[in-house]
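Q: Could we go through this protein together? I would like to begin with its charged side chains.

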Amino acid sequence: MMVCCMVNEGLSIIVVLSWLGVNLFLFIDTFCWYEEEESFFYTRVILGSTLAWARASALCLNFNCMLILLPVSRNLISLVRGTSTCCKGPWSRQLDKNLKFHKLVAYGIAVNATIHTVAHLFNMEHFHLSQSEGTQELMAALSKLGNTPNESYLNPVRTFHMNTITEWLTKIAGTTGLVVSLALILIMTSSTEFIRQSSYELFWYTHHVFIIFFISLAIHGAGRIIRGQTPESLLLHNVTLCKDLYVEWQASGPCPVPQFSGKEPSAWKWFLGPVVVYACERIIRFWRFQQEVVIIKVVSHPSAVLELHMKKRDFKMAPGQYILLQCPVISPLEWHPFTLTSAPQEDFFSVHIRATGDWTEALFKAFRAEGQVFQVPCSLPRLAVDGPFGATLTDVFHYPVSVCIAAGIGVTPFASLLKSIWYKCNESPSQLKLSKVYFYWICRDAQAFEWFANLLLSLETQMSEQGNAHFLSYHIFLTGWDENQAIHIALHWDGNTDVITGLKQKTFYGRPNWNNEFKEIAYSHPSSSIGVFFCGPKAMSKTLQKMCHLYSSADPRGVHFYYNNDSF
């Protein structure tokens with residue numbers, strides 16, 4: 001079968017190519033300008049092409065620093081999504097790839113910062129060597145400028161015997177350049193997946209070194225190390241005529257001594273706007289921090305899972321969104337994202353938090369959730385909530401048939417969705433385009449998500465009571481079990497309910513055969529548009545994407561699978 005599948009997995013190729021195209025244009029245009037600009041002719045005599053390499057990479061660095069804060073301005077993204085008609089459907093989903101774009105821009109900053117640093121190391125060496133004896137006569141004459149009154153220097157290294165590194169670090173450009181480089185290295189090394197998974201707090205705190213990074217970058221150009229000929233000097237000193245008459249340069253005459261100056265610092269102009277936007281973002285977060293959050297219910301589930309039910313004034317959500325949660329008792333600065341597990345139709349919002357790190361374990365203890373008991377809300381620590389953020393999973397309702405697939409912790413956003421489906425079935429079933437939902441859940445340890453199995457059991461019971469048992473078809477695959485579990489499962493296999501989940505639908509053991517699953521779905525809905533929604537690891541995402549391609553019909557009237565993905 002031919003490919004006929006919509007993929008929404010990562011950043012759009014259009015977004016990536018546009019970003020690359022702008023970077024390449026800025027780099028090439030700036031490089032060519034510095035290679036040809038007359039005012040920098042004498043600067044090129046000393047530095048050669050490394051001048052253009054340094055300036056072109058600096059401009060691209062400024063451009064990417066302008067972009068880096070925008071993808072993490074969540075309120076701005078929510079505003080764009082809600083007000084812009086062009087950001088609907090697939091383009092709306094692209095807004096939720098904000099962190100991927102943030103990482104892409106970070107790589108651009110790292111590459112251009114490296115080029116800029118290396119180019120200036122060569123520039124400093126060229127400046128130093130131009131002061132040595134035996135240097136080309138024009139280069140020697142340019143390097144000696146500034147030794148007499150009424151002359152401006154071109155070479156910041158004044159003698160050959162000067163220590164280049166020491167001299168460089170005593171200047172504003174050198175000091176701030178070192179600070180920028182160290183800050184960037186610290187931010188990027190602490191942003192690796194290993195650090196984020198093992199110590200999110202370290203990642204969170206070191207990321208705020210970006211404040212030092214931007215302040216240093218803003219004043220980096222104040223030293224004006226790279227200098228060009230002034231416009232006034234160009235009018236009096238014709239480079240084409242005078243470059244070969246350097247021995248005759250005088251204060252008066254046809255070739256007066258050329259005068260040089262550095263450009264005004266301009267980096268701050270690039271990122272001032274985004275910094276203001278991000279500052280507003282933090283002000284909004286502080287304002288929301290002051291808003292009261294009422295905790296109405298706390299449940300401690302097995303395997304260290306904490307369920308929190310909360311209320312907040314004017315809080316509105318949609319399936320698939322997440323909130324940022326802060327507990328001042330644990331840390332007055334840290335905000336952590338958690339997917340909402342409640343439905344929009346409920347009069348509260350909820351999250352399920354598993355104790356897997358320092359902060360979540362501290363939260364577990366703060367709520368005294370070691371025992372499986374309900375806590376008294378008045379005795380609980382205060383929480384602050386920012387959000388909700390993120391795209392919704394409401395696209396599920398745009399298809400007559402939807403396939404929802406979750407792997408491990410990826411099951412969390414589907415809790416809200418399945419609840420919302422049940423409410424819509426009860427409220428207005430005749431207006432609902434969606435007629436069938438297939439739900440697949442692949443997990444290693446079912447006990448870690450007993451709360452979700454309880455949700456499925458509740459939905460199964462309620463759907464049966466409403467006569468909609470056929471609407472939801474679910475398949476749970478357990479990929480990890482021990483010998484004792486296997487014996488227990490075998491002894492109770494003939495029971496009416498599953499021994500693991502308590503559901504009527506029995507749990508499957510092992511991994512699903514996706515060829516068989518997609519073949520069966522395609523056979524059952526031969527002329528339907530089927531939305532496939534996945535949340536889980538990238539390796540499985542690629543497999544499902546291939547299945548969508550494989551089982552989509554070449555006939556426009558046949559079955560077509562449309563793939564949507566939120567990898568973690």
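Q: How many salt bridges are there by this rule?
A: The count comes to 5 salt bridges. A salt bridge here is a side-chain nitrogen of Lys or Arg within 4 Å of a carboxyl oxygen of Asp or Glu. Please note that this is a predicted model, in which local features need pLDDT of at least 70 and side-chain atom pairs count only at pLDDT 80 or more, while totals for chains, interfaces and linings use all residues. Residues are numbered from 1 along each chain as its sequence is written, and side-chain values use heavy atoms, with hydrogens and water left out.

Q: Which residue pairs with Asp386 in a salt bridge?
A: Arg288 does, with 2.5 Å from N to O. This pair links distant parts of the chain, since Asp386 is in strand 9 and Arg288 is in helix 15 (residues 267–290), 98 residues apart. Helices (H or I, at least four residues) and strands (E, at least two) are DSSP runs, numbered from the N terminus.

Q: Are those two buried or exposed?
A: Asp386 is buried at 0% relative accessibility, and Arg288 is buried at 18%. Buried means under 20% relative accessible area, exposed over 50%, and partly exposed in between, with a 1.4 Å probe and protein chains only.

Q: Which residues are linked in a network with Asp386?
A: Arg285 and Arg288 are linked with Asp386 in a network of salt bridges.

Q: What about Lys419 and Glu346?
A: Their side chains meet in a salt bridge, at 4.0 Å from N to O. Lys419 lies in helix 17 (residues 412–427) and Glu346 in the loop between strand 7 (336–339) and strand 8 (349–354), so the pair ties together parts 73 residues apart in sequence. Lys419 counts as buried at 14% relative accessibility, and Glu346 counts as buried at 17%.

Q: And which residue does Asp244 pair with?
A: Asp244 forms a salt bridge with Lys243, where the closest N and O atoms are 3.5 Å apart. Asp244 is exposed, with a relative accessible area of 55%, whereas Lys243 is partly exposed at 25%.

Q: Which residues does Arg227 contact?
A: Leaving aside neighbours within four places in sequence, its contacts include Phe40, Tyr153, Leu154 and Phe260. Contact means heavy atoms within 4.5 Å.

Q: A new topic: where is there a cis peptide bond?
A: A cis peptide bond joins Gly387 and Pro388, with omega about 10°. Pro388 is found in strand 9 (residues 384–389). Most residues other than glycine have a negative phi, and most peptide bonds are trans.

Q: Which residue other than glycine has a positive phi?
A: Asp314 has a phi near 60°, a positive value. Asp314 is in the loop between strand 5 (305–312) and strand 6 (322–326), and Asp314 is exposed, with a relative accessible area of 70%.

Q: Finally, how many helices and strands does the protein have, and what share of its residues is buried?
A: The secondary structure comes to 21 helices and 15 strands. Of the 568 residues, 51% count as buried.
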